[in-house]
Amino acid sequence: MTVPVVDRLPAPLARRIALAAQGFADPRPAGAVDSRQLRRVTDRLGVVQIDSVNVLSRSHYLPFFSRLGGYRREALDDFTDRRHEVFEYWAHEASYLPVRLHPFLRWRMAAAEENAWGNMVRLQRERPGYVAEVLDRVREQGPTRASELLETRRERPGTMWNWHPAKVALEWLFFTGALTARSRTAGFERVYDLTERVLPPAVLQTPTPEPAAAFRELVRTAARALGVATERDLRDYFRLRPAAARTAIEELAEAGELLPVRVDGWTAPAWLDPAARRPRWIRARALLSPFDSLVWERPRVERIFGFHYRLEIYTPAEKRVHGYYVLPFLLGDRLVARADLKADRRAGALLVQAVHAEAGVDRAEVATELAAELRLMADWLQLDRVVVAGAGDLAPELAAVTR
């Protein structure tokens with residue numbers, strides 16, 4: 001393939017392009033947020049990652065807050081669990097995706113034996129009759145939680161690393177597409193049902209594309225969501241294998257749907273979405289979930305923002321540098337600080353357990369803007385106050401403007 005380099009991007013412009021593609025060039029809605037704005041965010045991102053950690057908020061609520069401000073979380077529950085404008089599947093990780101993408105992930109469902117976890121594949125191979133029985137049970141009784149299918153009282157409810165056999169069977173059926181998630185319980189347990197009873201008929205009736213066409217659409221979706229990206233960025237968005245992603249990128253480039261570019265300071269070649277906005281400035285202010293698609297690929301975050309970011313949930317407390325559940329703080333077009341946050345629901349407080357500023361920022365401005373964003377988040381979470389615990393180099397300035 002011979003595609004000429006058509007552009008060279010200054011690093012600040014590439015950063016603004018990436019932010020605009022993720023929705024941070026638009027002002028937050030002035031009025032109440034409805035399904036149209038929620039749909040716009042999901043369509044723009046393509047993937048909203050799900051995670052069970054609830055020290056602050058379930059992670060899938062946070063990208064919408066970052067982009068839309070203080071919306072009603074019940075509106076998102078209605079959007080995901082009742083309107084079914086998104087479906088849940090393994091995309092980046094466990095994720096919500098616009099239902100239009102369902103046909104383009106059926107290749108992964110069909111190749112479950114190559115892509116699913118070993119315990120799922122093993123159970124299907126060793127006990128296919130049992131898996132079929134679990135499917136029949138869901139077909140007969142309707143929406144089903146894994147905890148309802150415990151075979152004995154000695155079986156512990158499944159976790160990510162300790163699934164009882166019925167949970168493994170349900171997850172296999174979910175991976176293959178026979179089942180999907182109808183909803184999540186208040187405790188975040190997945191409620192399974194037959195896919196044909198959940199997804200819109202128009203989606204189910206859409207012909208399954210050839211894998212090559214599916215790869216192109218997934219890379220195309222990733223390119224729109226990222227704006228400007230390396231090959232690794234594009235394939236990581238939907239966790240595609242290198243060879244499949246590379247072929248899709250080449251085909252899209254030959255069709256003019258991706259433009260090769262060089263970004264100043266990037267060591268790897270990059271690809272630009274031809275329709276990407278090139279804003280002259282970004283006036284964003286947002287706290288970002290660790291699982292937000294703007295920051296989930298840590299090498300990209302460091303390349304674009306010069307921001308070294310690691311999630312320290314699994315790091316022993318005494319070895320943590322910045323805290324347990326640390327959210328980067330976006331101000332303008334830079335990541336300027338990071339805050340370790342916890343929602344103390346019993347005390348009605350949003351706790352800032354630690355807060356650190358990046359080098360070279362205007363600390364007074366960052367503290368003032370972060371205080372305003374924390375107040376907005378506390379209101380959104382229905383917490384009465386913001387409490388700065390005192391840890392971190394920005395804590396004194398933040399505490400002074402928070403009181």
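**Entry 1: His 84 and its loop**

I began with His 84, which lies in the loop between helix H4 (73–82) and strand E3; helices (H or I, at least four residues) and strands (E, at least two) are DSSP runs, numbered from the N terminus. I noted that the model is predicted, so that local features need pLDDT of at least 70 and side-chain atom pairs count only at pLDDT 80 or more, while totals for chains, interfaces and linings use all residues. I also wrote down that residues are numbered from 1 along each chain as its sequence is written, and that side-chain values use heavy atoms, with hydrogens and water left out.

Looking up the backbone, I found that phi of His 84 is near 55 degrees, a positive value in a residue other than glycine. Is His 84 buried or exposed? His 84 counts as buried because its relative accessibility is 9%, where buried means under 20% relative accessible area, exposed over 50%, and partly exposed in between (1.4 Å probe, protein chains only).

**Entry 2: strand E3 and its partner**

I then followed the chain into strand E3 (residues 86–90), which is mostly covered, with 5 of its 5 residues buried. I saw that Val 86, Glu 88 and Trp 90 point one way from E3, whereas Phe 87 and Tyr 89 point the other way. I next looked up strand E4 (residues 94–98), which pairs with E3 in the antiparallel sense over 5 bridges; two strands pair if DSSP finds at least two bridges between them. A hairpin joins E3 to E4 through 3 residues, and Trp 90 stands opposite Ala 94 in E4.

**Entry 3: helix H1**

I turned to helix H1 (residues 11–21) and found it mostly covered, since 9 of its 11 residues are buried. Among them I listed Leu 13, Ile 17 and Leu 19, and also Arg 15 and Arg 16. H1 is followed by Gly 23, whose phi is positive, near 95 degrees.

**Entry 4: Thr 221**

I looked up Thr 221, which is found in helix H11 (residues 211–226), and which counts as buried because its relative accessibility is 4%. Which residues does Thr 221 contact, leaving aside its neighbours within four places in sequence? I found Gly 46, Arg 100, Leu 101 and Phe 238, where contact means heavy atoms within 4.5 Å.

**Entry 5: Gln 382**

I found a positive phi of about 60 degrees in Gln 382, although it is not a glycine. Gln 382 lies in the loop between helix H15 (363–380) and strand E15 (385–388), and because its relative accessibility is 64%, Gln 382 counts as exposed.

**Entry 6: the chain as a whole**

I ended with the whole chain, in which there are 16 helices and 15 strands. Of its 403 residues, 55% count as buried. With 403 residues, a compact globule would have a radius of gyration near 22 Å, and the chain agrees, since its own value is 22 Å; the radius is taken over C-alpha atoms, and the globule rule is 2.2 Å times the number of residues to the power 0.38. Along its principal axes, the C-alpha trace of the chain spans about 65 × 60 × 45 Å. I also noted that, among contacts between residues at least 6 apart in sequence, 66% join residues at least 24 apart.
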